[in-house]
Structure formats: C-alpha cells, structure tokens
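Hi everyone, and thanks for coming. Let me put the sequence and the structure up on the screen, and then I'll walk you through a few spots.

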Amino acid sequence: MTDADNPTDAFEPQSAIARTLVERGYVNQVTDLAGVDRAFAGGIVPVYAGFDATADSLHVGHLMPIMALRRLQQAGHKPIALIGGGTTRIGDPSFRSAARPMLSEAEIAANVAGIRKVFERLLTFGDGPTDAVLVNNADWLDRMAWIDMLRDVGKHFSVNRMLSFDSVKTRLEQQENLSFLEFNYMILQAVDFLELFRRTGCRVQLGGGDQWGNIVGGVDLLRRIEGVEVFGMTTPLLTTASGAKMGKTAAGAIWVNEDRLSPYDYWQFWRNAEDADVARFLKLFTDLPLDEIESLGRAEGAELNAVKERLANEATALVHGVDAARLALETARQAFGQGEAAAGLPTVELDAERAAGVVLVDLLVLAGLASSKSEARRAISGRGVRIDGEVVEDADGLVTIGRRPLRLSLGKKRHVVVK
C-alpha cells in the first residue's frame, strides 16, 4: 500500500479521471494508485465518502472529498455520499485530543437534515447508473448485533496494527484518554465499506487525510472477507499558503449552509484568499478548466484582485447559486467603492435600548467584528473602524441608531449593517 508523501510522483495515469484528480490536487494518499487508475479506466466505479453528522452544516474544510466526488461523477462514475448517523453516536477519534461530545438522537437527526443539503447542491442525484445516492450508516449499524460484529468482523482486526496508526498512536503517546467506545470507530467505518460493496459494488473509499488509518482498515477487511481488490484514497487536509487550517478563521468556521453563514460572508472568505492560494483553490473548488486556471494564475497586482473575485464568484455559485454569488459581488463593490450601506451585507438588529445609544467598543463586539472589548479598542486606536465610511476614534463614544441603518466597518473588508 502506498502512503508516501507524493504517491503521484512519476505516475502516468491511464484514465482521464485519475489524471484530473492528480492535476487538480485531490490525491494525497492512495492504497494502489495504478490499481485504482485501471479500475477507473474499466467502466463505472461506485465511490463513497462519509461524513459524520456532528453539526447541522459542513464547512469548507469538508468540501475537498465532495468536490472529488463531483469530478468523479463528471467523468462518468457513481458517487455515494454517506452520512454517519450511526458512527456519529461514537465519534471519530482520529487526531483529536479528546472524545467528541455525545449527541442525542434528535440532534443527530437535525444535523443529518442540515448537511444533506450540501450534497444536493454539488452532486446530481437520481436512479441512473452514474447518479449519486445518499445513504445513512445508521440503517445497518443500528441493527448490528454485538456478538455478530465481534465474530464476523472484529476477528479480522489486529489491535497491534490499530495501535500503530498515527491517529491512535499520537493520542496514546500524549497520554490522552482513548475510550474503548472510540477505539471501535475504525471497525465500524470498515463495516460501512463492506456494506456498500455488498449493496452497490462500491470499490473506492474517499476521505480526508486524517482518515487514512480508517480507510486502510476497510480495504483490508474487504480483502479478508470478500477476497476482492478495493481501494482507498485520501484528499489533502487543506491548509492555506501561510499554514492555517482550511475551513476555520479567527471568527469561526466557514460554514456552507446559509443559515450558519451568509452567502456574502462565504463569498468574502474566497475573495480574501492569500495570493499564493488563488490558482490552487480555483483547481479544487471551481469547475473552471485547467488551461483557463493556468492563465488566470499568472495574474499580478490589480489583475490578481479580479481573479480573486472570479474565485469567489465561482466557488459561491456552486454552493449558493449564481444569483447569490452575483448579489455578493454587487454588495462588495458597493460597500468598498461607495459610502452607503449595501443590501446583502450581514445585518445586526439592536433592541430599542441599545439603538438609543450603545458604546462603540460594545457595538463592535455585538456586531461580531471584534471578539473582545480589548480587540475593539486596538482596532479603534489604529484608526481601523468606520461608520458610514468615516473613521471613528472615540472608543467610549455612544453610537445612536436612527431611522437609517449604519454601516459599521473594521478594516477594508469587514462590514456590517446595524439597525
């Protein structure tokens, strides 16, 4: 099995989709790159990626494997989106310092309903041979008898080997508790692969880079029980050029669902990408052809800002629709180029008492532009805060909201309408 840092070095794909996955940067680790390439070249291959329902939305850090499924479907293969309604009850311990909070059945059900929206936007579902299907592993895990699981599945897992995977070894080396409940997660994920192979003929499991140990366990289980050759592949755990983990900002997660993060803020996340990341993100998170991306990647200066807008438009249109992307662009241009509060900006509504007068530092915290009063004071002293385009310097001054909303700004790119 291949788990080298660069499994694609000196590799010449035979199938168009393997070439696409490599060229766009979706391939991190793979159990047998030449083998999966041959499988792709031989006909329709069902491929699955799983996502636990730990929140009611996914964030952009989850988009890598979903976008890889999108590429596979565009190339004529069959995506399977698995929601872990069953495994969420345990929680994946991979590279975590503590167990995930236990969720109730009602919370898991609400989260499942929320995250399925993301798949429906990026994949085409239906009954055709290459249409995507959505499955929930609670359908089989909730019915699995404990003794049967130990006898039929558990016997194929070596504890010695399970302890050798980095996701487990790191936790133990740091003397952090790993419960027996969590230790079973790898086995249950392998059962998912086995079940999907039996139900759909699924031959490839796709996941994030932190899933390598779990994925290898599933590949090995199918070899032992079914005697078949199946494959595992991980996408990179995406970081920005400066080393920050993708999907998180100082203000919190970049959620994909609009009820957790406005399409405008989602658009701004991509517009504010670091210069060195733009071409890479265009390859990973848009449908633009590679030759066009290569041309766009040569932009510099003011032209690069236009390319960042293109990235934001394309990425936002995929998950929020073309109209939302267009409105976000128009809103940003109004907010940056005109001294007016633009429709579509994030809005904060104050109660009557605060609208009659609220201290500026408190308003910045209430509006989510600063995480604390001290951070707000630093921004004000640095002349980084504006109301309707005018710099304000009195941190303890009262701000009154009249009939007309105010546009509160921190820096050049963060704006909130206050009513």
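L398 is found in strand β13, which covers residues 398-399. L398 counts as exposed, at 62% relative accessibility. For that scale, buried means under 20% relative accessible area, exposed means over 50%, and partly exposed is in between, using a 1.4 Å probe and protein chains only. Now look at G357: 41 residues separate G357 from L398 in sequence, yet their C-alpha atoms are 5.4 Å apart in space. Not counting residues up to four places away in sequence, L398 touches G357, V358 and V359, where a contact means heavy atoms within 4.5 Å.

A word on where this comes from: it is a predicted model, in which local features need pLDDT of at least 70 and side-chain atom pairs count only at pLDDT 80 or more, while totals for chains, interfaces and linings use all residues. Residues are numbered from 1 along each chain as its sequence is written, and side-chain values use heavy atoms, with hydrogens and water left out.

Let's step back for the overall picture. The protein has 19 helices and 15 strands. Of its 419 residues, 50% are buried. If you take the contacts with a separation of 6 or more, 74% of them join residues 24 or more positions apart.

Next, helix α3, residues 63-74. It has 12 residues and reaches 16 Å from its first C-alpha to its last, close to the 16 Å expected at 1.5 Å a residue; that expected span is 1.5 Å times one less than the number of residues. How much of α3 is buried? The count is 11 of the 12 residues, so α3 is largely enclosed by the rest of the structure. Among the buried ones are L63, P65, A68, L72 and Q73. Just after α3, G76 takes a positive phi of about 95 degrees.

Which residues of α3 meet α4? They are L63, I66, M67 and R70, and on the α4 side their partners are V118, F119, R121 and L122.

Is N111 buried or exposed? N111 is buried, at a relative accessible area of 10%. Its side chain reaches the backbone nitrogen of D56 at 3.2 Å; a polar contact is a pair of N or O atoms within 3.5 Å, and within protein one must be able to donate a hydrogen and the other to accept it, with residues adjacent in sequence counting only if both atoms are side-chain atoms. Leaving aside neighbours within four places in sequence, the contacts of N111 are A53, T54, A55, D56 and L103.

Another asparagine, N184, sits in the loop between α9 (180-183) and α10 (185-200). N184 is buried too, with a relative accessible area of 10%, and beyond four places in sequence N184 touches W146 and M149. Over in α9 we have E182, which is buried at 3% relative accessible area.

Two last stops. Helix α12, residues 263-271, is mostly covered, with 7 of its 9 residues buried, including Y264, W267, F269 and R271. Finally, R383 lies in the loop between α19 (373-381) and β11 (385-387). R383 is partly exposed, with a relative accessible area of 46%. Its phi is near 60 degrees, a positive value in a residue other than glycine. In general, most residues other than glycine have a negative phi.

That's my tour, so over to you for questions!

How values were computed
Helices (H or I, at least four residues) and strands (E, at least two) are DSSP runs, numbered from the N terminus.
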